[in-house]
Amino acid sequence: MMMRRRTTLLAGCTALVLALGATACGGGEPVAAGGGDKALGGQTVTVAGVWSGSEQKNFQKVLDAFTEKTGAKTQFVSTGDNVSTVVGSKIEGGNAPDVVMVPQVGVLKQFAGQGWLKPLDKKVQSAVGANFAEVWQNYGSVDGTLYGLYFKAAHKSTVWYSPEALEQAGVAEPKTYDEMLKNGRTISDSGLAAFSVAGQDGWTLTDWFENVYLSQAGPEKYDALAAHEIKWTDPTVVDALTTLGKLFKDKQLIAGGQKGALNTDFPGSVEKVFGPKAEAAMVYEGDFVAGVAKDQFGRTIGTDANFFPFPPVGGGEAPVVSGGDAAVVLKDGKNSEAGMALVEYLASPEAAAVWAEAGGFLSPNKKLDLSSYGDDVTRATAESLVAAGDSVRFDMSDQAPAAFGGTKGAGEWKILQDFLRDPSDPKKTAAELEKAAAKAYGN
């Protein structure tokens, strides 16, 4: 995830509730990694992932805790968005990492299909079975074999806002999508743009589309489109693009208009709301916005940075979208046994607690004590994620082949950037999406 996913959809759930009932998670016993303290001394585990900035810094804290526990050193390599391309070139060059944090279900399937992955061993399988809902095991499996451990999840139906900006405009948290746009225009009239949109990063636009589509078309259509069982020219896709286009073409709603959005990356979109010079009142993206607002801009989550659930669209249910990063072990890694020990450690509540305490993190590990999270907002978001159980569905673009749903400058990312630039013809955009999807899916 890169900050994203990056990616996971919790489809068919009700809207995020900040004060959920007691599905308290017990602490659970940590899983011993590597067979005991300092058992892996002298070995170095190389880990590749999309994370950078505060995410990379906080994941390093987890790796350092693994080192303290086992004696194994670690080295993190940031791949940027094109994780499959970077990892593939490293394998070809004889320099494969031991562990990859895979941000997309489609990429995990691709890696497994190419024979790059080691099945997770019995110790890891046992830990995953004890600590994670079955759905997370299914998303980490290919043809019944468990390859991936979902260490980090993202709740991607959250719209983050400055409470001060909404208060000054005299508007409250919206209950519907139309109300959100109406409130946005009121905010704009008060002198501040409504939304900061990270159009430079195509993955953020897929998340916008998925929330709108899931709510408007419903989970069954969503699942069918994710599997490419219906075409992207389906009327439901055109309807969702039309809805999204109303926002994209409204210069009153977007900071800097379409051009400004296309020149704004994800961290920059958060800065425009929570940085020293506010340019917008709201930014849509996942729970990981909190980590950037807190770590980079000193915001207090729940006080001067808060969120509301992505509101229902056109009479549908409120969408709940999520994404996740799975740890996989490469066969060609030089220290794949130590890599397997790292994945076993990552399956423990002990490992999840390290990043939970640092912030900007959600864990699907049901054994993680919710008191590990540093603020009530994150704690409630995490609780809703765990409480969703097997109703979790992944981000649609993360389920797609990487060529369509996960490649910078290509496929869905590029086509939705073009749509942001000119949202005047949703049918044409739908046809372009279908052409790219058919090529990537092979059907």
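Here are a few questions and answers on how some features of this predicted model get their labels.

Q: What makes α8 roughly perpendicular to α19?
A: Helix α8 (residues 202–217) and helix α19 (residues 411–421) pack at an angle of about 80 degrees. Angles of 65 to 115 degrees count as roughly perpendicular, so the term applies to this pair. The two axes are 8 Å apart. On the α8 side, G202, W203, L205, T206 and F209 take part, meeting E412, W413, L416, Q417 and L420 of α19. Sorted by type, the residues of this contact are six nonpolar, three polar and one charged.

Q: Why are β9 and β11 said to stand at the edges of their sheet?
A: The open sheet has four strands in the order β9-β10-β8-β11, with mixed pairing. β9 (193–196) and β11 (306–309) each have a single partner strand, so one side of each lacks a neighbour in the sheet.

Q: How do you know that β8 and β10 pair?
A: Pairing takes at least two bridges, and three bridges join β8 (residues 158–161) to β10 (residues 280–284), so the two strands qualify; they run antiparallel. W160 has V283 in β10 as its bridge partner.

Notes:
Residues are numbered from 1 along each chain as its sequence is written. This is a predicted model: local features need pLDDT of at least 70, side-chain atom pairs count only at pLDDT 80 or more; totals for chains, interfaces and linings use all residues. Side-chain values use heavy atoms; hydrogens and water are left out. Axes are lines fitted to C-alpha atoms, for helices over the stretch in contact, and angles run from 0 to 180 degrees between N-to-C directions. Angles under 35 degrees count as roughly parallel, over 145 as roughly antiparallel, 65 to 115 as roughly perpendicular and the rest as oblique. Contact means heavy atoms within 4.5 Å. Ala, Val, Leu, Ile, Met, Phe, Trp, Tyr, Cys and Pro count as nonpolar, Asp, Glu, Lys and Arg as charged, and the others, Gly among them, as polar.
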